[in-house]
Amino acid sequence: MTYGPDALAHDTDGRAVFVSGAVVGDRVRAVIDRDEGRWAHAAALELTEASPERVVPRCPHAGACGGCPWAALSYEAQARAKRDGVVDALARIGRLGTERAEALVSPLVSPGDPWGYRNKVELAVARDARGRVTLGMHGRGEGDVVQVKSCALLDKAHSGAVKSVSGALGYLAGSHDLQLERVGIRASRRTRDLEVALWTRPGAFPRAQVAKVLGDALRPTSVVRVMQKGPAKARRIAGVECLSGAGSWGEVVGAESMRVSAPSFFQVNTRGAEKLVELVMEALDPQADEEAMDLYCGAGTFTLPLARRAGFVSAVESYGPAVRDLRRNLERAGLGNVDAVGGDAGREFPDTDADVIVVDPPRAGLAADVVSRLSEQPARAIAYVSCDPATLARDLARFEEIGAFRPTRVTPVDLFPQTYHVETVTLLERARA
Ligand SMILES: C[S@@+](CC[C@H](N)C(=O)[O-])C[C@H]1O[C@@H](n2cnc3c(N)ncnc32)[C@H](O)[C@@H]1O
């Protein structure tokens, strides 16, 4: 498999052909639909011999919906392919070589059930030629929307929420222009919190009707409207208003209770988030007389447990709503030993000497100046949590070049079963002179 939805084949000239609709080991008849010279893309038309790793997806929409691109691959094969993908990225992009990469990367850790693990789904909105609105899951093709009754990745306790929200908003959109761009549903089995977040353009909005219709349909604990400006993909926020209930969503991660507002990042797999915290704490083992740093800290998934164990924590997060969530979570937890700074991790790099450090950047990885600043730290260890093996590998190569810290363990964690995505926790330890 590739780090993507496709399987990898080679044509008679040995060039790579990415094949959609196939899994590793399949024999298929496929047609090339994109030729880029050095590589090509093909679509499988007919399965002539099924791979022993092929399974019947648990969800009937898996072929059309974009949410589960690896659902036709057995879970064991997914786990192997993810670990192999991390090894390959470290060997090639990280320039660590195959032998060292193989020794560094442990087998994939699976935090729990590979279905029903998500605490969040996002519904796409489509309008037909007559302006009628339908809501559904993002399809495999650009702009496709697939109507579903439930999502097999969403926590079973809330599996009906997708149908209820799609129905209620589809009905209301028939008589009101909601200016809807997408809808987020966050559901917690632990707190029973259920939040519906409507992403819209700013402007007039039937607040009371939306709150009433959604309230009747599924009794959410919170309904919020996130007003967005600029291009939809940029997700720039013009304002957030609470239409009913709490105005935020609550979840329990290990021993910590957290509240998160709709635009803020929160791991979609709660058990997976717990596993990450466990691995990070185990690797760093922060002590009461030590100082910790948490860069790209979000609403505090690592900050809170770090603050329980270390003497002091410097935390940096650039996104305003997440910084507010972090401060509120620290206050609710009664933790006063954290300096929570809002701003870019490079520009606001804490002017302090840390003993242990957590970094958990977005997919783009660490800016080069952040790797340099981290390398100047006297810390004994850094835990690098990554959601992209390629940028992790690039950053590890930068650490190696500077030479102050070396990766000593890379643990892939399966936060996103049925997809090609993989999270990793890398322990970097101070290099011996
Ligand atoms: C993968 S999330 C991790 C959040 C948190 N550690 C958690 O587990 O919930 C990455 C976070 O980095 C923040 N971020 C993105 N770019 C940043 C930057 N340049 N400086 C600081 N934070 C940034 C995002 O807003 C997001 O909250």
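**Briefing: a predicted 433-residue chain and its annotated sites**

Glutamate 317 sits in strand S15, which spans residues 312–317. The structure is a predicted model. Its protein chain contains nine helices and 20 strands.

**Overall fold**

- A compact globule of 433 residues would have a radius of gyration near 22 Å, and the value for the protein chain, 23 Å, agrees with that.
- Taken along the principal axes, the box filled by the C-alpha atoms is roughly 70 × 60 × 35 Å.
- Of the 433 residues, 46% are buried.
- Among contacts between residues at least 6 apart in sequence, 61% join residues at least 24 apart.

**Domains**

- The domain assignment divides the protein chain into domain 1 (1–54), domain 2 (120–252) and domain 3 (269–430).
- Between the C-alpha centres of domain 2 and domain 3 the distance is 31 Å.

**Binding-site residues**

- Glutamate 317 counts as buried because it has 30 C-beta neighbours inside 10 Å, where 20 or more are required.
- Tyrosine 296 lies in the loop that runs between strand S14 (291–295) and helix H6 (303–309).
- Tyrosine 296 has 22 C-beta neighbours inside 10 Å and is therefore buried as well.

**Ligand surroundings**

- The ligand is surrounded by 19 residues, of which the closest are Tyr296, Gly298, Thr301, Ser318 and Tyr319.
- This shell consists of 12 nonpolar, four polar and three charged residues.

- Cysteine 387 is located in the loop between strand S18 (381–386) and helix H9 (389–402).
- Cysteine 387 is partly exposed, because 18 other C-beta atoms lie within 10 Å.
- Beyond neighbours within four places in sequence, cysteine 387 is in contact with Arg363, His421 and Glu423.

How values were computed
Residues numbered from 1 in each chain as written. Predicted model: local features only at pLDDT ≥ 70, side-chain atom pairs only at ≥ 80, totals over all residues. Helix = DSSP H or I, 4+ residues; strand = E, 2+ residues; numbered from the N terminus. Rg over C-alpha atoms; globule rule 2.2 N^0.38 Å. Buried ≥ 20, exposed ≤ 12 C-beta atoms within 10 Å, placed from the backbone. Contact = placed C-beta atoms within 7 Å. Near = placed C-beta within 6 Å. Nonpolar A, V, L, I, M, F, W, Y, C, P; charged D, E, K, R; others polar. Domains from an automatic or database assignment.
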